[in-house]
Amino acid sequence: MRGKNGFLEKKIWDSRIVSEDVTGKEKVFGYLVGPVGALLFNTIVSGYINLYYTDVLKLTVVAGGAFLAVFPLVSKILDAVTNVLMGYIIDHTRTKQGKARPYILLGAVMMPIAGILMYVIPNASMSVQLVWVVVSYNLYYAVSYTTYNMSHNMMIPLSTRNTEQRTTLSTFASIANIVFAGTIAAVLVPMLVLPAIGVNKQGWITMVCVVSIIVLPLGLLEYYFTKERVTEASRETEALEGKKEELPYAAQMKVCFTDKYMVIALVIFAITQFVTILRNTSLLYYCNYILGSYNDGITPTILQVLGGVPMGLGMFVIIPLTKKFEKRTLFLAGNVLLVTGNLICLTSPANMVTVIIGHVIKNVGCIPTSYIFMALFADCLDHFEWKHKFRCDGFAMSVYSIILTITTGICTSVFNLILARTGYVAPSLVDGVTVAAQQSSRTIHGILWSYYGVEVIGTLVIIGLFVLLRVERDLRKRETERKES
């Protein structure tokens, strides 16, 4: 996307942020309120699509469960390709509005349309329905959400080089995702919406259509109240010194994958996403068949509200803590608490009191990863630039998004395969009432392993990796050397 006097060169599309430092309006409208529309929509669309496939459309019976195990994984391969393509496009975009911001707007237009299509499955033959499922799924994830998500995630590294301001923006962005979008999707929907709609297909479609209304208006807020200061500074440097010759994309890939801190950060993110997505995918099944009863409207609400209280309080303490301790130290302490909380829950996974205690401890441990990981990742990008003399924002973010994409597909496939192979029985609609089936002990154990067991193992590996991630110390050393020179 290039060219003078083009569509995006008009003043109407200019950012409303002009300050060289991060402003209050930018924090509130650009990173807190603005992203909520797209994030809430995606949380609901993505968080409940598997339940829609298994319980409403009953696709676990297709090809003996192979369809739901294979198609998400294959689809994510296409999604991974489009993530690389999107990273390349962003890195080669030159507009007055920046290289990432324009795609926030484009994604906010496409996401509602594609998301609704995922749920509006026609009442036709099974073959037609399966084709619709595959096409709409890929239209949403491989095209629409990729466009928005990559540009949205790049805004923190591109907003400023000031590490404290980046940490603040990372916290505000995480509040938008966790406290606002996450709370509504994880608490209000299971408590109020799911018990009302059950396995009624039209009810699910109505839910998605209603939420889609807010995506574009709030997307405009995010677009207008963000600013790419790093991109603008790079443009000014190019104007003064001349544009540096760009490394071929293949060369960027080689350098990126041989940088120690970049690799460690990406591996940590990959493991974190795997255990988180598998846990979230199995959450409602755990509440429906182990901790409570099917769509009782209260079990997931209790779990999310009481377990999530520390996450809400965390937004007030995380910034002061980052001023006293290294991010790495906070991550290490948090992951120790995460393991401890999971082990407590496993001692009695059907006992609500035990599970609440364990979840409170788990959520305290999740605070650093949830709120400031993107700030740490931005530190890795700055260290990379200092060490290798060029930035790789687009490529690094494409890898970041590919990891999220692939792990989502793998987790969905693995969990659906577990359900199919352990004999999961979907609920039925009898005289307009949803009736749940009794699940076997094999299915119960598979759900427990998905919800608790994998996270314990993955977190132990992450603790070992954080010991090696000393990027903050290296950045401080670089800054000291720069001042002394």
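This is a predicted model: local features need pLDDT of at least 70, side-chain atom pairs count only at pLDDT 80 or more; totals for chains, interfaces and linings use all residues.
Trainee: How many disulfides does a search of the whole structure find?

Mentor: The search returns 0 disulfides.

Trainee: What makes C366 count as buried or exposed?

Mentor: The relative accessibility of C366 is 17%. Buried means under 20%, so C366 is classed as buried. C256 has a value of 0% and therefore counts as buried too.

Trainee: Why is K58 called partly exposed?

Mentor: K58 has a relative accessibility of 32%. Buried requires under 20% and exposed requires over 50%, so K58 falls in between. K58 is located in the loop that links α2 (36-56) to α3 (66-91).

Trainee: Why is the pair of F71 and Y137 called edge-to-face?

Mentor: Among the 25 aromatic pairs in the count, the rings of F71 and Y137 have centres 4.9 Å apart and planes at 70°. The centres are within 6.5 Å, so the rings pair, and the plane angle is over 60 degrees, so the pair is edge-to-face.

Trainee: What does the pair of F71 and Y137 tie together?

Mentor: F71 is in helix α3 and Y137 is in helix α5 (residues 126-159), so the pair ties together parts that are 66 residues apart in sequence. F71 and Y137 are both buried. They also belong to one aromatic cluster, whose members include F41, Y53, F67, Y140, Y141 and Y145.

Trainee: How do you know that the charged end of K76 sits over the ring of Y141?

Mentor: The charged end of K76 is 3.6 Å from the centre of the Y141 ring. R101 is placed in the same way over the ring of Y223, with its charged end 4.2 Å from the centre.

Trainee: What makes the link between T231 and E228 a polar contact?

Mentor: The side chains of T231 and E228 make their contact at 2.7 Å, and the limit is 3.5 Å, so the distance qualifies. T231 is part of helix α9 (residues 229-241). At 11% relative accessibility, T231 counts as buried. Leaving aside neighbours within four places in sequence, T231 contacts G98, K99 and L158.

Trainee: Which polar atoms of the backbone lie by the side chain of T95?

Mentor: The backbone nitrogen of Q97 is 3.1 Å from a polar atom of that side chain. The backbone oxygen of G98 is 2.6 Å from a polar atom of the T95 side chain. T95 itself is in the loop between α3 and α4, and its 7% relative accessibility means that T95 counts as buried.

Trainee: Why is L169 called buried?

Mentor: The relative accessible area of L169 is 0%, which is under 20%, so L169 is buried. L169 is in helix α6 (residues 163-197). Its C-alpha is 9.4 Å from the C-alpha of M374, although L169 and M374 are 205 residues apart in sequence. Beyond its neighbours within four places in sequence, L169 is in contact with V22, K27, Y31, I156 and S159.

Trainee: Which residues touch the most other members of the largest nonpolar core?

Mentor: In this core of 132 residues, they are Y52, Y53, Y119, W204, Y286 and F377. The largest share of the core, 19 residues, comes from α11. Another core, of 7 residues, lies apart from it and includes W13, L105, Y223 and F225.

Trainee: Which residues of helix α8 are buried, and what covers them?

Mentor: In α8 (residues 215-224) the buried residues are V215, L218, G219, E222, Y223 and Y224. Their cover includes α1 (24-33), α2, α4 (101-119), α5 and α7 (201-212).

Key. Residues are numbered from 1 along each chain as its sequence is written. Side-chain values use heavy atoms; hydrogens and water are left out. Helices (H or I, at least four residues) and strands (E, at least two) are DSSP runs, numbered from the N terminus. Buried means under 20% relative accessible area, exposed over 50%, partly exposed in between (1.4 Å probe, protein chains only). Rings of Phe, Tyr and Trp (its six-membered ring) pair if their centres lie within 6.5 Å; planes under 30 degrees apart count as stacked, over 60 as edge-to-face and the rest as tilted. A charge sits over a ring if NZ of Lys or CZ of Arg is within 6 Å of the ring centre and within 35 degrees of the ring normal. A polar contact is a pair of N or O atoms within 3.5 Å; within protein, one must be able to donate a hydrogen and the other to accept it, and residues adjacent in sequence count only if both atoms are side-chain atoms. Contact means heavy atoms within 4.5 Å. A disulfide is a pair of cysteine sulfur atoms within 2.5 Å. A nonpolar core is a set of buried Ala, Val, Leu, Ile, Met, Phe, Trp, Tyr and Cys residues joined through side-chain atoms within 4.5 Å.
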